[in-house]
4 protein chains.
Amino acid sequence: VERTRVGIVGASGYSGLVATRILLEHPAVELAFGTSDKWAGDAISARAGALRSNRPDLRFVPNAQALEAARGVPYVLLATSAEVSLELAPRLVAQGSAVIDLSGAFRLRDPSLYPQWYRLEHHAPASLATAHYGIPELFGPPPRTGLVANPGCYPTAAILALAPLLRAGVIEPGGIVIDAKSGVTGAGRQSKEAYSFSEIAGDFRAYKLLGHQHTPEIAQALGVPSVTFTAHLLPVRRGILATAYARPRAPRSALVEVLRAAYAGRPFVEIVEPEEVSLAAVVGTNLCRIGVAANDEIAIVLSSIDNLVKGAAGQAIQNLNLMLGLDEGTGLLGLPRSAP
Amino acid sequence: VERTRVGIVGASGYSGLVATRILLEHPAVELAFGTSDKWAGDAISARAGALRSNRPDLRFVPNAQALEAARGVPYVLLATSAEVSLELAPRLVAQGSAVIDLSGAFRLRDPSLYPQWYRLEHHAPASLATAHYGIPELFGPPPRTGLVANPGCYPTAAILALAPLLRAGVIEPGGIVIDAKSGVTGAGRQSKEAYSFSEIAGDFRAYKLLGHQHTPEIAQALGVPSVTFTAHLLPVRRGILATAYARPRAPRSALVEVLRAAYAGRPFVEIVEPEEVSLAAVVGTNLCRIGVAANDEIAIVLSSIDNLVKGAAGQAIQNLNLMLGLDEGTGLLGLPRSAP
Amino acid sequence: VERTRVGIVGASGYSGLVATRILLEHPAVELAFGTSDKWAGDAISARAGALRSNRPDLRFVPNAQALEAARGVPYVLLATSAEVSLELAPRLVAQGSAVIDLSGAFRLRDPSLYPQWYRLEHHAPASLATAHYGIPELFGPPPRTGLVANPGCYPTAAILALAPLLRAGVIEPGGIVIDAKSGVTGAGRQSKEAYSFSEIAGDFRAYKLLGHQHTPEIAQALGVPSVTFTAHLLPVRRGILATAYARPRAPRSALVEVLRAAYAGRPFVEIVEPEEVSLAAVVGTNLCRIGVAANDEIAIVLSSIDNLVKGAAGQAIQNLNLMLGLDEGTGLLGLPRSAP
Amino acid sequence: VERTRVGIVGASGYSGLVATRILLEHPAVELAFGTSDKWAGDAISARAGALRSNRPDLRFVPNAQALEAARGVPYVLLATSAEVSLELAPRLVAQGSAVIDLSGAFRLRDPSLYPQWYRLEHHAPASLATAHYGIPELFGPPPRTGLVANPGCYPTAAILALAPLLRAGVIEPGGIVIDAKSGVTGAGRQSKEAYSFSEIAGDFRAYKLLGHQHTPEIAQALGVPSVTFTAHLLPVRRGILATAYARPRAPRSALVEVLRAAYAGRPFVEIVEPEEVSLAAVVGTNLCRIGVAANDEIAIVLSSIDNLVKGAAGQAIQNLNLMLGLDEGTGLLGLPRSAP
């Protein structure tokens with residue numbers, strides 16, 4: 001097999017490391033490079049725990065060498081902050097690489113939203129206009145070149161749950177509430193007291209109330225003017241569960257049918273009973289589970305994903321697979337659930 | 001000091017055991033009896049971990065001896081199932097005891113709701129009509145005799161957060177959504193696989209969607225025709241956090257002011273910033289923390305309690321204190337937070 | 001490829017389900033059958049979460065059909081209790097199947113040990129004499145037919161850590177202490193209050209002191225008259241860490257060298273620094289990590305495994321691979337760590 | 001009642017905060033001051049969660065004001081690092097305060113041990129010679145003035161378990177192994193990635209192998225030349241369980257009898273069955289549970305404490321009570337278990 005060379009910048013964060021491992025074991029990919037300041041010089045396969053690596057001898061290079069390392073590499077994943085991605089992505093595209101960016105730097109079409117939500121002046125509005133928002137089940141395969149904005153973790157859960165229902169007109173577009181709960185890896189590697197085990201174990205709380213940067217991303221992808229979105233921090237490592245509330249325009253059975261039809265034939269979305277939407281069923285995998293409860297007044301749509309897989313690294317590889325003309329599940333279908 | 005004799009039926013469940021310990025160390029109470037089939041014959045103080053007990057030698061009697069044990073005991077707590085409470089409470093009242101019932105058996109005024117929500121025919125509608133719903137901060141001190149329906153854990157959190165706002169007219173009564181999350185002790189002592197550590201650790205899910213028996217209790221106490229209420233199971237032992245959504249009729253500052261005024265001088269309700277509403281701040285104590293976030297379209301009211309204390313045993317003792325003419329915090333103010 | 005047909009009895013326990021999933025995705029195997037009373041009639045691939053199954057339509061049959069289902073199936077895994085395995089294994093062998101038994105029924109050579117340690121009269125002493133004790137790194141590949149006694153979880157961790165050191169004579173055989181800690185899945189699926197989340201979360205304790213049935217298994221495999229073995233229950237789902245103490249006859253460097261040599265070229269044993277021996281590094285995988293600290297008086301040998309993988313299902317498949325003449329890592333190398 | 005004024009330096013660490021709360025609610029104490037750089041200017045009672053405080057209006061002062069604040073205060077607790085305590089304690093004693101130091105700065109009699117175990121030159125050897133090592137059950141009440149070295153958390157658990165047995169000669173003094181496991185608060189407030197929730201949840205490992213600074217403290221208090229001590233990090237907030245191994249010189253019943261006699265009449269040590277020695281039974285309280293299993297070859301002595309209470313703040317207050325001529329349980333007996 002001819003393997004495609006793929007590089008990754010920011011390979012030692014949680015999402016980056018999960019992506020790195022999948023790339024190292026991907027049957028159609030050869031990892032071209034991985035950058036990490038923290039682990040510069042270390043063997044990538046050992047750090048990523050890849051026992052059957054396609055590049056067993058490759059070592060991390062410092063982040064500052066990313067552009068140089070990427071020269072001639074046709075696909076590059078950015079598992080970096082929005083600030084860093086904003087700098088790197090346009091340069092990598094200019095160098096000839098297709099880029100899948102896991103940050104929020106290219107997800108919002110309207111550059112004027114960035115100062116408010118990301119405390120960032122966006123100096124690459126042209127990239128915003130052309131970036132492909134990469135939820136394959138809803139927005140199709142990305143173009144083979146250019147820039148993919150890989151969705152946020154909360155938005156992936158919320159949008160997969162609600163977009164088909166809005167498109168089909170079976171829920172009201174106004175007044176949607178999304179009450180979401182995430183495991184702690186969603187915050188990335190942290191060295192703050194607030195994220196220490198002793199502070200978080202046994203605790204639960206909401207954060208960034210009415211100010212979370214994923215709010216406009218969700219509204220944009222759903223095609224609604226606004227949504228209410230609340231994020232909470234769960235005392236678990238991995239997983240997101242979103243509980244979305246909307247006014248129904250059709251009975252529960254119709255909502256379920258719309259969802260089933262929307263995801264028919266797609267390996268990574270499962271429509272189940274609402275009490276089967278759990279973290280345990282999806283953590284470790286690229287799956288999204290969706291379930292619906294409804295009466296005349298309210299529809300409750302639940303969805304769960306692994307924030308590091310379908311919410312980040314897995315979806316990035318799913319996008320990569322489609323860019324390469326492969327089956328979307330390549331290298332992803334075999335990921336097992338972490339729960340026993 | 002003259003100590004009042006108080007008994008407890010169902011003393012080995014989680015709520016019952018917490019109540020038992022508080023009663024054993026209560027400065028104005030003497031534990032008269034405690035019933036438990038599981039621990040019948042065992043020393044109560046040892047099981048409850050009470051090192052400075054007012055009845056160091058007292059032993060559990062079987063549940064079947066409850067009525068006999070209660071004869072002549074002026075106050076009895078029932079930490080039993082709704083089925084058992086429904087049988088026992090009227091008989092205990094007839095025997096001359098005042099009863100504080102921790103189950104749902106006497107919380108709903110309308111007996112016709114019991115078959116649907118509790119799968120129970122209610123044969124004591126007269127007791128429903130006279131039972132006092134015991135949230136002291138909102139419904140005043142209970143009468144000194146008769147029957148107190150001690151509120152449910154989720155309702156306590158939700159009602160403390162929303163009732164003052166509805167009474168003041170600063171939020172809309174229609175369309176309220178309460179998304180609540182509870183630790184596992186809320187389900188009581190369990191010997192089902194579904195509640196085993198291996199199934200629950202690392203997991204999170206919703207349950208009893210649109211069918212939880214606390215739904216009509218919340219609506220009744222709030223004085224609204226209906227609410228949307230969703231319960232989720234958190235992988236922690238203790239604590240409830242409720243995130244309530246309502247349409248505001250006034251700015252955030254007005255909502256906060258209403259809450260501050262409603263709870264001024266009450267030791268167990270703290271109005272704080274919304275990100276300070278956490279399990280860690282309240283678990284172990286009889287506290288309820290409440291915080292508000294709001295914009296023009298939505299008000300988010302967060303509240304947290306310990307489901308076993310303010311959500312059950314602590315509130316029962318708070319009601320007892322008021323029935324005895326004591327300060328409501330007697331025996332409760334010294335309970336420390338479990339978090340370090 | 002010609003796939004070998006393999007069946008599994010007891011497929012819905014934690015170890016059984018992990019084995020089932022690996023078999024369903026194994027490149028050289030076709031799952032012939034899986035038994036489960038709990039899930040009889042359900043689709044096996046869906047329950048096991050196998051998205052790329054070699055038998056997508058296969059359904060669980062009841063346990064009572066195990067013998068019938070196994071007719072003509074050359075390899076059968078037993079993920080059953082010792083009592084059930086003791087009945088089934090000889091009959092399956094008599095029917096012509098090779099058997100890999102995950103229980104303790106055939107691990108102890110001396111049948112007289114069974115009443116004491118397993119409360120079981122052993123009626124198949126001939127099978128004990130011929131059963132192969134299956135730790136491939138220490139006892140070689142199993143014979144292609146017959147009966148494999150797949151080791152216990154604690155023994156796997158302890159024996160991999162100590163056997164090479166004893167064989168090389170670099171530690172004393174007397175006075176060995178093994179202080180081991182296991183996640184809760186080691187107890188299997190449980191519906192007892194003692195294993196409920198509310199009882200175990202935040203707790204830690206030892207159990208079966210000086211009476212754990214893995215004690216004689218460890219001594220036998222190490223070739224010593226006795227060991228002191230203590231089991232503790234960790235509030236985590238998966239993983240075992242064993243801390244073994246022995247008197248050294250050589251410096252630390254020599255012990256490390258012995259271990260490195262013993263496991264050179266083996267994919268599933270990693271010799272690391274003692275502080276790198278952790279659950280996080282191995283849970284989800286078939287790896288065993290081993291590390292050594294020592295001074296003149298004491299050698300401390302640490303090892304960690306996933307109790308459900310290297311401690312049960314993974315090692316069973318590793319044995320199966322070798323019986324089939326395959327690379328020992330087939331179907332196992334791609335299992336990722338659960339930790340982010 | 002005349003209340004004794006007591007101050008605390010380092011009041012915002014985990015041990016310091018627990019001590020502060022106990023002091024604020026102590027019936028015979030008035031908190032004189034509390035220092036904290038982190039919370040300087042904040043209300044102490046609110047931070048400590050003390051609802052019935054003896055100094056409701058007191059605010060934290062910066063650590064640099066400790067000496068000044070302590071002038072005229074007869075008792076001062078130091079919940080500071082060994083480095084800081086080494087500086088402060090002699091000066092506070094010189095100023096006329098009795099000092100209870102929770103650090104390791106004055107626990108080892110031999111100053112030459114400090115460079116090796118604490119990377120510290122000890123410049124106050126005279127204080128070492130006179131400091132009272134404060135385990136009241138074993139070393140009696142401290143003198144009413146001077147310096148108390150409050151024991152380490154691991155040493156408290158290990159010494160309470162073993163000292164009476166060694167004193168009675170019923171176990172061998174040589175070859176003792178102590179395998180101990182601690183919750184994460186034992187490491188104090190942390191802002192390192194290694195102590196983040198995502199790194200520690202679900203993990204378990206040993207640390208500082210053969211180099212933990214509590215090793216010589218344990219040996220000294222036990223009166224043996226050396227012990228083997230291993231510390232492990234449990235994924236729980238609070239609690240230590242120590243599993244100690246020694247060669248017995250008497251049967252189990254004799255060992256149990258020795259322990260019962262040693263702790264007869266003491267409220268904080270419970271001799272129980274070995275499987276009842278658990279974190280759940282002691283976390284939140286000042287209790288130590290001890291249990292014994294033994295055969296002819298080995299005695300296993302288990303003990304459990306809350307590292308923040310009997311292992312730190314609680315024992316400090318217990319020492320303080322005795323210095324004040326109070327019952328040792330004053331302000332401590334009412335602390336409830338955190339477990340439901």
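## A buried alanine in chain B

A residue counts as buried when its relative accessible area is under 20%. In this predicted model, Ala11(B) has a relative accessible area of 0%, so Ala11(B) is buried. You will find Ala11(B) in the loop between β1 (4-9) and α1 (14-25) of chain B.

What does Ala11(B) touch, leaving aside residues up to four places away in sequence? The list is Gly16(B), Leu17(B), Thr20(B), Gly34(B), Thr35(B) and Phe60(B). Leu77(B) is another residue to look at from here: 66 residues separate Ala11(B) and Leu77(B) along the chain, while their C-alpha atoms are 9.2 Å apart.

## Where chain B meets chain A

Let us turn to the contact between two chains. Chain B brings 40 residues into contact with 40 residues of chain A. About 3000 Å² is buried between chain B and chain A, and carbon and sulfur atoms give 64% of that area. Two salt bridges cross the interface of chain B and chain A. In a salt bridge between Asp179(B) and Lys181(A), the closest N and O atoms are 3.0 Å apart. Polar contacts between chain B and chain A come to 24 residue pairs, with both residues at pLDDT 80 or more.

Which strands of chain B supply at least two residues each to the side that touches chain A? They are β7 (177-182), β8 (205-207), β9 (228-233), β10 (240-246), β12 (288-294) and β13 (299-305). Of these, β7(B) gives the most to the side of chain B that touches chain A, namely four residues. Sorted by class, that side of chain B holds 22 nonpolar, nine polar and nine charged residues.

## How the two copies are related

Chain B can be laid on chain A by a turn of 180 degrees with a shift of 0.0 Å along the axis, and the RMSD is 0.0 Å. The two copies are therefore related as by a two-fold rotation axis. The same surface serves both copies, with 100% of the contact residues of chain B recurring in chain A.

## Where chain C meets chain D

Now for the contact between chain C and chain D. Here 40 residues from chain C and 40 residues from chain D take part. The area buried between chain C and chain D is about 3000 Å², with 64% coming from carbon and sulfur atoms. On the chain C side, Phe204(C), Leu210(C) and Glu275(C) lose the most area to chain D, and together they make up 19% of what that side buries.

Two salt bridges span the interface of chain C and chain D. Asp179(C) pairs with Lys181(D) in a salt bridge whose closest N and O atoms are 3.0 Å apart. The polar contacts between chain C and chain D number 23 residue pairs, both residues being at pLDDT 80 or more. Strands of chain C that give two or more residues to the side touching chain D include β9 (228-233) and β10 (240-246). The largest share of that side, four residues, comes from β7(C). By class, the side of chain C that touches chain D has 22 nonpolar, nine polar and nine charged residues.

## Salt bridges within and between chains

Side chains of opposite charge can pair when their charged atoms come close. Over all chains, the count is 69 salt bridges. Arg55(A) and Glu30(A) form a salt bridge at 3.8 Å, N to O. Arg55(A) sits in the loop between α2 (44-48) and α3 (66-70) of chain A and Glu30(A) in strand β2 (residues 29-35), so this pair links distant parts of the chain, 25 residues apart. Arg55(A) is partly exposed at 24% relative accessibility, and Glu30(A) is partly exposed at 24% as well.

How does a buried pair look? Lys310(A) and Glu137(A) meet in a salt bridge at 3.0 Å, N to O. Lys310(A) belongs to helix α12 (residues 309-323) and Glu137(A) to helix α7 (residues 136-139) of chain A, so the pair ties together parts 173 residues apart in sequence. Lys310(A) counts as buried at 0% relative accessibility, and Glu137(A) is buried with a relative accessible area of 7%.

In chain D, Glu25(D) and Arg52(D) form a salt bridge with the closest N and O atoms 3.0 Å apart. Glu25(D) is buried, with a relative accessible area of 14%, whereas Arg52(D) is partly exposed at 44%. Finally, a network of salt bridges links Lys38(A), Arg189(A), Glu193(D) and Glu199(D).

Conventions: Residues are numbered from 1 along each chain as its sequence is written. Chains are lettered from A and ligands numbered from 1 in the order in which they are written. This is a predicted model: local features need pLDDT of at least 70, side-chain atom pairs count only at pLDDT 80 or more; totals for chains, interfaces and linings use all residues. Side-chain values use heavy atoms; hydrogens and water are left out. Contact means heavy atoms within 4.5 Å. Buried area is the accessible area (1.4 Å probe) that two parts lose on being put together, summed over both. A salt bridge is a side-chain nitrogen of Lys or Arg within 4 Å of a carboxyl oxygen of Asp or Glu. A polar contact is a pair of N or O atoms within 3.5 Å; within protein, one must be able to donate a hydrogen and the other to accept it, and residues adjacent in sequence count only if both atoms are side-chain atoms. Ala, Val, Leu, Ile, Met, Phe, Trp, Tyr, Cys and Pro count as nonpolar, Asp, Glu, Lys and Arg as charged, and the others, Gly among them, as polar. Copies are superposed by least squares on the C-alpha atoms of residues with pLDDT of at least 70 in both. Buried means under 20% relative accessible area, exposed over 50%, partly exposed in between (1.4 Å probe, protein chains only).
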